[in-house]
Each structure stands twice: as C-alpha cells, then as structure tokens.
Amino acid sequence: MRKNRLIAGVSVLAVLWAGSVLAADEPAYTKACAAAEEARKMAAELRYEWNTVEPLMKKASEAAAAGDYAKGVKLCDEARKQSEVSIAQAKHQADAWRAAVVK
Amino acid sequence: MKRLVTILLGAALVAGLAWATPEDDRKAFIEHYKKRFPDVAVEDYVNGVYSIDEEAYEQWQEIEEFAPYELALAEGKELFETPFANGKTYGDCFPSGGVGIRQNYPYFDTESGQVKTIELEINECRESNGEKPYKYKKGPIAAISAYMAYTSRGEKLNIVIPGDPRAQQAYEDGKELYYSKRGQLNFSCADCHIYNAGMMVRADKLSPALGHPTHFPVYRSKWDDMGTLHRRFDGCNKQVRAKPLPAQGEEYRNLEYFLTYMSNGMEVNGPGARK
C-alpha cells in the first residue's frame with residue numbers, strides 16, 4: 001500500500017516536472033540566456049571566460065530557433081553555471097596563485 | 001612569547017615572498033629543474049622537451065637535417081629585406097639593423113610604459129611606414145620573426161627589468177598569469193610545465209618551461225606551419241578550456257616578459273621544430 005502511494009507520488013512529480021520543461025517558452029528562454037550572457041560578460045571582464053561557454057549559448061540559440069525552448073533553457077542554464085564557476089575561479093586565483101610560485 | 005615568535009616568523013615569510021626579486025625567481029626556477037631532472041645540464045633546456053626525452057631528441061636531430069622551418073626562414077629573410085613602398089626597410093626600425101637582436105626581446109619601453117615584443121615592433125615598424133599590420137599568430141610575422149631569431153642564434157637572452165615600477169608590475173602580472181589556474185580544467189601554465197614537466201598528457205610529454213622562449217617561433221608538425229609564442233599561449237589556454245587572451249595584448253606580452261626572464265642567459269636557438 002505504502003509502495004503504491006510512493007509510486008503514485010513519484011509519478012505525479014515526474015508529470016509535473018515534464019510539464020514544466022515542456023512548458024518552457026520563449027520568455028523563459030530569453031530570461032535564462034540573458035542571465036547566462038550577463039555571467040559570461042562578467043567572466044570575460046575578469047579575463048577568466050571558459051571556451052566552453054559560447055558554444056553552449058550558440059547551441060541554445062539553435063535549439064530556440066528550432067522551437068525547442070526547453071533545450072535552450074537547459075543549455076543557457078549550463079552556460080550560466082559554468083560562467084559562475086569561472087568567476088569564482090578568478091576570485092580564488094587572485095590570491096591563490098602566490099602559493100604555487102616556485103620558491 | 002610563542003605567539004610573538006609565530007607572528008614574527010609569519011611576517012618574515014610574507015616579507016620574503018613579497019621581496020622575491022625577478023632574479024630570486026629565476027634562481028628558484030633553475031633549482032627546481034636541477035632537482036627534477038638532475039642529469040640534464042641547464043644549457044640543454046634550450047632544446048625544450050627534447051632535453052628531457054632522449055628518444056625524441058634523436059628523432060628531432062634527424063628532422064633538423066631537413067628543417068621544416070627553412071621555407072619560412074627564406075620567406076622571412078626576403079620580407080625582412082624587401083623595402084616598403086616608401087623605400088625603408090625593417091632594418092631602419094630596429095637597432096643594429098634588426099640583425100642579432102632577438103636576445104633583447106621582450107623589453108620594457110619606459111616611453112610607452114609597456115612591454116615590447118619583437119612581433120609587436122615588427123607591426124609597429126610596418127604601420128609607421130604606411131603598411132598594414134600583419135596578424136600576430138602565424139604567417140608573414142612568424143616568418144620575419146623566425147629570420148630575426150635565426151640571425152641571433154647563439155646570443156644569450158638578456159631580458160632587463162628596470163627599476164621603473166611599471167616594469168616591475170608588468171613582470172609581476174606576467175608571473176601571476178603564469179601561475180594562475182584557468183579554464184574548465186583548472187590548470188595553470190606552471191601545473192604543466194613546472195610541476196608536471198616530463199609527465200605524459202595522452203601521447204605527448206610535457207616540456208619544461210625553462211628554455212621555452214629560446215626557440216620561438218617554431219614550426220609545429222601539428223600546425224603544419226610556423227607559429228609565434230603567442231600562438232602557443234593561445235593553444236595552451238584552449239587546451240585547458242579557457243578562452244584565449246588576445247595575441248600581443250598586454251597580458252600575453254607580460255607573460256612573455258616573465259617567461260623569457262626565467263630563461264635569461266640561455267642561448268637563442270630559434271626558430272625551432274616541434275611535434
């Protein structure tokens with residue numbers, strides 16, 4: 001009985017998640033990619049941009065052009081996360097590099 | 001009392017690090033490689049990875065018999081000697097007519113307050129004589145630079161860091177870039193070419209940083225072409241999945257300043273041939 005309830009609960013969540021992904025539309029895509037671009041610009045200003053970010057954003061743009069906004073959101077979210085990590089890398093390396101100097 | 005001693009020792013350590021001069025850095029650099037490769041003579045590092053890989057050294061010696069950079073060298077000589085539309089030549093822009101001067105580059109130009117590389121000055125020479133600048137990573141600029149290096153073979157690198165605080169800062173900035181981890185793979189130049197020199201990355205052995213700038217520009221089999229040192233910086237950055245910085249931009253010129261200073265006193269043997 002408890003197992004059946006658990007399966008039903010997971011199924012409902014899966015349907016809701018799938019619904020939200022399918023429901024990703026152009027405004028959601030635009031918002032996700034604007035955030036990704038803002039993070040990319042910040043990383044670039046710090047001279048720490050990764051070369052993996054622009055290809056992700058290009059793929060996102062292609063997905064959106066094909067009407068697959070959900071995929072576009074996913075790719076831009078990944079691009080934003082990568083830029084956020086590279087910004088953290090820049091901040092960390094601002095001091096950490098000194099410890100690596102040959103002494 | 002114990003706490004005071006700790007604070008004083010800490011302060012001394014910090015001060016010691018802060019006061020490390022370029023010459024202290026260079027000596028520490030050399031000592032590192034002496035410990036890492038005790039059988040390799042310091043002067044042999046001009047041969048890059050071949051200084052630490054006997055088998056590859058033999059193959060390289062055979063390649064040098066019909067050096068793949070010879071065509072570029074001939075092209076570079078011709079370009080170097082051919083007058084611009086106004087009748088002047090590259091020789092008019094450089095000391096000693098541009099012959100046998102590679103060992104003095106890069107240098108800090110107190111007038112402009114920036115590091116000048118030989119490729120930067122080749123293009124400055126072109127522009128001041130009404131010619132369009134070349135692209136910085138390959139092609140004619142690599143050929144001219146190769147020829148200028150060739151005329152300097154055997155001369156010892158003599159990079160000067162003057163007392164000008166801007167020069168010191170340029171050196172420090174280059175040093176920071178060399179030791180900073182970058183890209184998605186989180187690697188610094190030092191991670192590969194200092195701490196893992198001699199280790200394999202897939203099928204390639206990582207070359208030691210000591211002696212790196214002596215043999216540029218190089219003909220790389222991978223490129224099937226000549227390339228400048230900044231082309232190689234660009235490639236290294238891409239390999240660690242960082243977006244490369246502009247060739248001959250301030251960052252890479254400062255990086256070259258630091259890296260070349262580390263090889264001070266070593267013989268120029270460019271252009272080189274590499275895998």
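Residues are numbered from 1 along each chain as its sequence is written, and chains are lettered from A and ligands numbered from 1 in the order in which they are written. Since the model is a prediction, local features need pLDDT of at least 70 and side-chain atom pairs count only at pLDDT 80 or more, while totals for chains, interfaces and linings use all residues.

View 1. Chain A has four helices and zero strands, and from the N terminus its elements read α-α-α-α. Helices here are DSSP runs of H or I with at least four residues, strands are E runs of at least two, and both are numbered from the N terminus. Of chain A's 103 residues, 26% are buried. "Buried" takes 20 or more other C-beta atoms within 10 Å of a residue's own, "exposed" 12 or fewer, and "partly exposed" is in between, with C-beta atoms placed from the backbone. For contacts, the C-beta atoms of two residues, again placed from the backbone, must lie within 7 Å. Ala, Val, Leu, Ile, Met, Phe, Trp, Tyr, Cys and Pro count as nonpolar, Asp, Glu, Lys and Arg as charged, and the others, Gly among them, as polar.

**View 2. The largest nonpolar core.** A nonpolar core is a set of buried Ala, Val, Leu, Ile, Met, Phe, Trp, Tyr and Cys residues joined through C-beta atoms within 7 Å. The largest one holds 55 residues, and Ile144(B), Ala146(B), Tyr178(B) and Phe258(B) touch the most other members. Helix α6 of chain B (residues 140-150) is the top contributor, with nine residues. There is also a second, separate core of 19 residues, including Ala32(A), Val53(A), Cys76(A) and Ala242(B).

**View 3. Helices α4 and α6 of chain B.** The axes of α4(B) (residues 70-81) and α6(B) come within 7 Å and cross at roughly 90°. Axes are lines fitted to C-alpha atoms, for helices over the stretch in contact, and angles run from 0 to 180 degrees between N-to-C directions. The pair is therefore roughly perpendicular; that label covers 65 to 115 degrees, with under 35 roughly parallel, over 145 roughly antiparallel and the rest oblique. Among the residues making the contact are Leu73(B), Leu79(B) and Phe80(B) from α4(B), and Ile144(B), Ala146(B) and Tyr147(B) from α6(B). The contact residues split into 11 nonpolar, one polar and two charged.

**View 4. Helices α7 and α10 of chain B.** Here α7(B) (residues 165-179) and α10(B) (residues 250-262) have axes that come within 7 Å and cross at roughly 90°, so these two helices are roughly perpendicular as well. The contact residues are nine nonpolar, two polar and three charged. Zoom in on Phe258(B): leaving out residues up to four places away in sequence, Phe258(B) touches Tyr171(B), Gly174(B), Lys175(B) and Tyr178(B).

View 5. Tyr69(B) sits in the loop between α3 and α4 of chain B, and counts as buried because 25 C-beta neighbours lie inside 10 Å. Tyr69(B) and Ala146(B) are 77 residues apart along the chain, with their C-alpha atoms separated by 8.4 Å. Beyond residues up to four places away in sequence, Tyr69(B) touches Ala146(B), Tyr219(B), Met226(B), Pro271(B) and Ala273(B). Pro271(B), in the loop between α10 and β7 (272-274) of chain B, is joined to Gly270(B) by a cis peptide bond with omega about -5°.

View 6. The loop holds Pro106(B), and the peptide bond from Tyr105(B) to Pro106(B) is cis, with omega near 0°. Ser96(B) is found in this loop too; its phi is near 55°, a positive value in a residue other than glycine. Ser96(B) counts as exposed, because it has 11 C-beta neighbours inside 10 Å.

**View 7. Gln248(B) in another loop.** Gln248(B) lies between α9 (229-239) and α10 of chain B, and has a positive phi of about 65° although it is not a glycine. With 20 C-beta neighbours inside 10 Å, Gln248(B) counts as buried.
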